[in-house]
Amino acid sequence: MSHYAVFGHPVSHSLSPRIHAEFGRQTGIALDYTAIEATPAGFAQALDAFAAAGGKGANVTLPLKEAAFALCSVTSERARRAGAVNTLTRNDGQWHGDNTDGIGLVRDLTARLGLDLRGRRTLLLGAGGSARGVAPALLDAGVSELVIANRTPERADALVDLLGEPGRAHSRYWNDLVNEGDFALIVNATSASRDGLQEFSLPFALAASRTLAVDLNYGEAAIPFLAWAQAAGCRDRVDGLGMLVEQAAAAFELWHGVRPDTAGVYATLRGKDASLVTAD
Ligand code: ATR
């Protein structure tokens, strides 16, 4: 039996143990996958203890993705472009870091929902670990422009610098968004509603009827942003459940060399409604 885990703070509500257990059943691969609570200060020690106990691989969720990057001896190109790691693999006594968030998001939007991201003027809200994971993949998917706004503007600037595409990726002050016109894709990568924010206050002028609004959160944490998107008139509104399943599938494939089927797992987690998610 191989040992895997997701680290986060908080992590108790993570669906990753359920998703990986289901992928294991589906592919006939024996594994156990647990959730391990770790604060940023205690993460390095918790990861060492996991490795000492035979841990073969780990996922990392908020707020540890940038810390995970720093703890890896080897990193993939997409992890380096993000400066954040969500998937760790133990190889030759070292942690190898990768980031499957971006590919997970793009696969969910394009393969499952059949949406085309090419040429979309895109607004990314947030510049933490989740935003860093998806930003390079959005550029690779062919968005025309990527505007990044973050409560702490220096973090948005740092992400723009790391992306290294000054022609397409720029940062803007949150309070100046009102002057930015509309976007064809708006991605909420902030943890504001997980931290208790009830209502998203953004200018309605950011959205047009064909705007796709995506929240990387799922469940209750996705409600405030998707409610704003609905009120602003966005036609398509999607939460992060599909991305969660797809990033897990990409991690599973890295660890086990087999790509699991995601549709059934997604449908089970979603319940009866497997279509585009709305906030109502
Ligand atoms: P994650 O891994 O989910 O990205 P994170 O690295 O802690 O977690 O990043 C959280 C993101 O949500 C950051 O962009 C943060 O903004 P700051 O860099 O200014 O901290 C953003 N965020 C958190 N609470 C917010 C709020 N109330 N309003 C706006 N942005 C918020």
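Predicted model: local features only at pLDDT ≥ 70, side-chain atom pairs only at ≥ 80, totals over all residues.
Let me begin with the boundary inside this chain, where domain 1 and domain 2 bury about 1800 Å² between them, 52% of it on carbon and sulfur atoms; buried area here is the accessible area, taken with a 1.4 Å probe, that two parts lose on being put together, summed over both. In domain 1, the residues that lose the most area to domain 2 are E66, R81 and M243, which together make up 36% of what that side buries.

Residues are numbered from 1 along each chain as its sequence is written, and side-chain values use heavy atoms, with hydrogens and water left out.

Now to the two parts themselves: the domain assignment, whose bounds come from an automatic or database source, gives domain 1 as 2-99 + 242-272 and domain 2 as 102-239. Their centres, taken over C-alpha atoms, are separated by 24 Å, and 22 residues of domain 1 are in contact with 23 residues of domain 2, contact meaning heavy atoms within 4.5 Å.

What does the rule find across this interface? There are four salt bridges between domain 1 and domain 2, a salt bridge being a side-chain nitrogen of Lys or Arg within 4 Å of a carboxyl oxygen of Asp or Glu. E66, already mentioned for the area it loses, meets R132 through their side chains in a salt bridge of 3.3 Å, N to O.

Let me turn to the ligand. Its shell draws at least three residues from each of domain 1 and domain 2, and of the 17 residues around the ligand, S130, N150, T152, R155 and R194 come nearest, where a residue counts as near if one of its heavy atoms lies within 4 Å.

As for individual atoms, an N or O atom in the side chain of N150 is 2.6 Å from an oxygen atom of the ligand, whereas for S130 a polar backbone atom is 2.9 Å from a ligand oxygen, and for G129 a backbone N or O atom lies 3.0 Å from an oxygen atom of the ligand; the cut-off for such a polar contact is a pair of N or O atoms within 3.5 Å. Of the 640 Å² of accessible area that the ligand has on its own, the protein covers 85%.

Note on methods:
Polar contact = N/O pair within 3.5 Å; in protein donor to acceptor, adjacent residues only side chain to side chain. Areas by Shrake-Rupley, 256 points an atom, 1.4 Å probe, with all protein chains shown as cover.
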